[in-house]
Amino acid sequence: HEQAEMLELAPLIARELDDRITFWTRGAERLYGWSRVEVLGRVSHEILGTQFPEPLERIRARLLSAGQWEGKLFHRCRDGREVVVSSSWVLHRDATGRPCRILEIHNDVTDRHHAEAALREAGEQMRSVVDHVLDGIVTIDEVGTIETFNPAAEALFGYRAAEVSGRNVSVLMPEPYHSAHDGYLASYLHTGQARIIGSGREVLGRRRD
């Protein structure tokens, strides 16, 4: 009884192989707005207006072969709102081993989905700005490995971005900076004291030629 009560709190749905709903928890009612009485016997993907990440037949084939499927779905609530859910499907079989029903659990990830989309959009905008500025811009990780190299940096140093991506930024430096740069980074990471980082100055660079 306690386990059943706990299940009632989760957004759980059970359906037959023809997608007609046979089980609809209070958690599903809260998430989607439809009562159990309204949905029992109806086709789940129709009432929820499900948008799948790939063709449904491909998902069904994977479910039958592996016994489970996970992915992100777009659903429509009773009031017309769209929610994004992280969905897990499990195939149940009868005593003879034949598939008989599908159990789904849906976790609402709408806020996270929108936040990730906003971050991607901001990142694309930033990349567009960086790609079109006249100054050479190079970004590195904490050990000096080049991560991005904009077109102006390509023109400045004579390298294509693909040639330097993953290499140490010291490739762009003549001596003594070439040999000393990793030490500068290690000292900053160890002490937190920025002697060069955060300040502007003129230095010598080394082109590809």
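Predicted model: local features only at pLDDT ≥ 70, side-chain atom pairs only at ≥ 80, totals over all residues.
Trainee: How many aromatic pairs does the structure hold?

Mentor: A pair of aromatic rings is described by the distance of the centres and the angle of the planes. The structure holds four such pairs. Take Phe52 and Trp89: their ring centres are 6.4 Å apart and the planes stand at 85 degrees, so this pair is edge-to-face.

Trainee: Which parts of the chain does that pair link?

Mentor: Distant ones, 37 residues apart. Phe52 lies in the loop between helix 4 (44-47) and helix 5 (56-66), and Trp89 lies in strand 4.

Trainee: Are Phe52 and Trp89 buried or exposed?

Mentor: Phe52 has a relative accessible area of 24%, so it is partly exposed. Trp89 is buried, at 2% relative accessibility.

Trainee: What else involves the ring of Trp89?

Mentor: Ring pairs join Trp89 with Phe52 and Trp69 in a cluster.

Trainee: Which residues of the largest nonpolar core touch the most other members?

Mentor: In soluble globular proteins, nonpolar side chains tend to be buried together. Here the largest nonpolar core has 20 residues, and those touching the most other members are Ile13, Trp24, Tyr32, Trp34, Leu48 and Trp89. At least two residues of this core come from each of strand 2 (21-24), helix 2 (26-32), helix 5, strand 3 (68-76) and strand 4. Strand 4 gives the most, with four residues. Another core, of ten residues, lies apart from it; Ile146, Tyr159, Val164 and Met173 are among its members.

Trainee: What does Trp24 touch, leaving out residues up to four places away in sequence?

Mentor: With that exclusion, the contacts of Trp24 are Leu12, Ile13, Glu29, Tyr32, Trp34, Ser35, Arg36, Val39 and Leu48.

Trainee: Where is Ser87 placed, and is Ser87 buried or exposed?

Mentor: Ser87 is in strand 4, which covers residues 82-93. Its relative accessible area is 1%, so Ser87 is buried. The Ser87 side chain makes a polar contact of 3.2 Å with the side chain of His106. Not counting residues up to four places away in sequence, Ser87 touches Trp69, Glu70, Gly71, Leu73, Glu104, Ile105 and His106.

Trainee: How many salt bridges are found in the whole structure?

Mentor: The search finds 14. One of them joins Arg208 and Glu163, with the closest N and O atoms 2.8 Å apart. Arg208 is in the segment after helix 9 (177-191) and Glu163 is in helix 8 (residues 161-164), so this bridge ties together parts that are 45 residues apart in sequence. Glu163 is partly exposed, with a relative accessible area of 31%.

Trainee: What are the N to O distances for Arg81 with Asp79 and for Arg207 with Asp209?

Mentor: For Arg81 and Asp79 the distance is 2.9 Å. Arg81 is partly exposed at 44% relative accessibility, while Asp79 is exposed at 54%. For Arg207 and Asp209 the distance is 3.8 Å; a salt bridge is counted within 4 Å, so this pair qualifies. Arg207 is partly exposed at 38% relative accessibility, and Asp209 is exposed at 79%.

Trainee: Which residues are linked in a network of salt bridges?

Mentor: The network links Arg15, Asp19, Glu57, Arg60 and Glu104.

How values were computed: Residues numbered from 1 in each chain as written. Heavy atoms only, no water. Buried < 20%, exposed > 50% of the residue type's maximum accessible area, 1.4 Å probe, protein only. Polar contact = N/O pair within 3.5 Å; in protein donor to acceptor, adjacent residues only side chain to side chain. Contact = heavy atoms within 4.5 Å. Phe/Tyr/Trp six-rings, centres within 6.5 Å; stacked < 30°, edge-to-face > 60°. Core = buried A, V, L, I, M, F, W, Y, C linked by side-chain atoms within 4.5 Å. Salt bridge = Lys/Arg side-chain N within 4 Å of Asp/Glu carboxyl O.
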